[in-house]
Amino acid sequence: MKRHAVFWSMIVLAVVMLAPFVIVAMNAVKSPAQYASDGPLALPSDITLQGLVDFWERVDFGQKLFNSLVISGSVAVLAVIVSVFNAYALGIGRVRGRLWILVAFLIANTLPQEALVYPLYFLAKETGLYDTQLSVIIIFTIIQAAFGTYLLSSTFVGFPAELLEAARIDGANKWQTLVRIVVPVSRPTLAVLFVFFFIWTWNEFFLPLVLLISNDTQTVPVALGVLQGQRLMDATMTSASALLGVIPAIAFFLIFQRTLTRGITAGAVK
């Protein structure tokens, strides 16, 4: 009986979570006339992709998609690398003041972006990086790496001492120990961090809105927000914009779903 209750609870939860996406998808393939006559909850009688095409051409969505991929991919890779180096020094190297350094990383990770926006804007202006993708990549690499360092440091503290000792006996230096022992063993956790860093950066809106002002550098979330604030769109095109904005993140998540599953269950298996 209890198993049936859990099953139906999961079904209800899935329906509730998928309902907004389904409604947006239905309205994205409707014509404005059908939306006006039948309303947002009616099934589309004829599927039309004109709203998707019009939106794609209006915002140059291909360029925005490329910008988001470059920024999110770069941040994910660089943040994982920086997190590994920091966590290796703090978790295995056991540098002095390790606890206070981790506290500083934790506090930095909890600061609201509204408190950071003016200093970051000023620094970007002074360094000539304002309205460049490099400025956003650097900022979010540091932000994501703060969380990654805190998480990986806790993981590396419990790293098997036998493996490290065996590496030292074999003559491996610290760099070789990191590359050949620590990173391969921690690969599931690093893969999870990569996926999360990519999705978190993809969905960022506020800081890219402030730092990226030209059409050639804007990301997908910024383009969607700016467009809807500047121009009046019908409901079907608004749904098309929302659908095109969320599909890449969902696709990335589904592609790396097995990676996430392996990374989350790796600790339980060990």
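## Helices H10 and H13

H10 and H13 are roughly antiparallel to each other, a label used for angles over 145 degrees, while under 35 counts as roughly parallel, 65 to 115 as roughly perpendicular and the rest as oblique. The axes of H10 (residues 187-202) and H13 come within 10 Å and cross at roughly 175°. Axes here are lines fitted to C-alpha atoms, for helices over the stretch in contact, with angles from 0 to 180 degrees between N-to-C directions.

H10 brings Phe-194, Val-195, Phe-198, Ile-199 and Trp-202 to this contact. H13 answers with Gly-245, Pro-248, Ala-249, Phe-252 and Phe-253. Contact means heavy atoms within 4.5 Å. By class, nine of these residues are nonpolar, one is polar and none is charged. Nonpolar covers Ala, Val, Leu, Ile, Met, Phe, Trp, Tyr, Cys and Pro; charged covers Asp, Glu, Lys and Arg; the others, Gly among them, are polar.

## Basis of the model

This is a predicted model, in which local features need pLDDT of at least 70 and side-chain atom pairs count only at pLDDT 80 or more, while totals for chains, interfaces and linings use all residues. Residues are numbered from 1 along each chain as its sequence is written, and side-chain values use heavy atoms, with hydrogens and water left out.

## The whole chain

The protein chain has 14 helices and zero strands. Both are DSSP runs, numbered from the N terminus: helices are H or I with at least four residues, strands E with at least two. The C-alpha trace spans about 75 × 65 × 30 Å along its principal axes.

Of the 270 residues, 36% count as buried. Buried means under 20% relative accessible area, exposed over 50%, and partly exposed in between (1.4 Å probe, protein chains only). The chain exposes about 15800 Å², and carbon and sulfur atoms supply 69% of it. Among contacts with a separation of 6 or more, 74% join residues 24 or more positions apart.

## H13 from its other contacts

The axes of H3 (residues 50-59) and H13 come within 8 Å and cross at roughly 70°. That makes H3 roughly perpendicular to H13. On the H3 side are Gly-51, Leu-52, Asp-54, Phe-55, Trp-56 and Arg-58. They meet Met-237, Ala-240, Ser-241, Leu-243 and Leu-244 of H13. The residues of this contact divide into seven nonpolar, two polar and two charged.

Ser-239 also lies in H13 (residues 235-255). Its relative accessibility is 10%, so Ser-239 counts as buried. Leaving aside neighbours within four places in sequence, Ser-239 contacts Val-24, Asn-27 and Ala-28.

H6 (residues 113-127) has 15 residues and should span 21 Å at 1.5 Å a residue; its end C-alpha atoms are 20 Å apart, which agrees. The expected span is 1.5 Å times one less than the number of residues. Gln-113, Val-117, Leu-120 and Ala-124 of H6 are buried. The buried residues of H6 pack against H7 (133-157) and H11 (206-211). Just after H6, Gly-128 takes a positive phi of about 75°.

Leu-207 sits in H11. It is buried, with a relative accessible area of 1%. Not counting residues up to four places away in sequence, Leu-207 touches Gln-113, Val-117, Leu-120, Ile-139, Phe-140 and Ile-143.

## H4

Arg-94 follows H4, with a positive phi near 55°.

Notes:
Areas by Shrake-Rupley, 256 points an atom, 1.4 Å probe, with all protein chains shown as cover.
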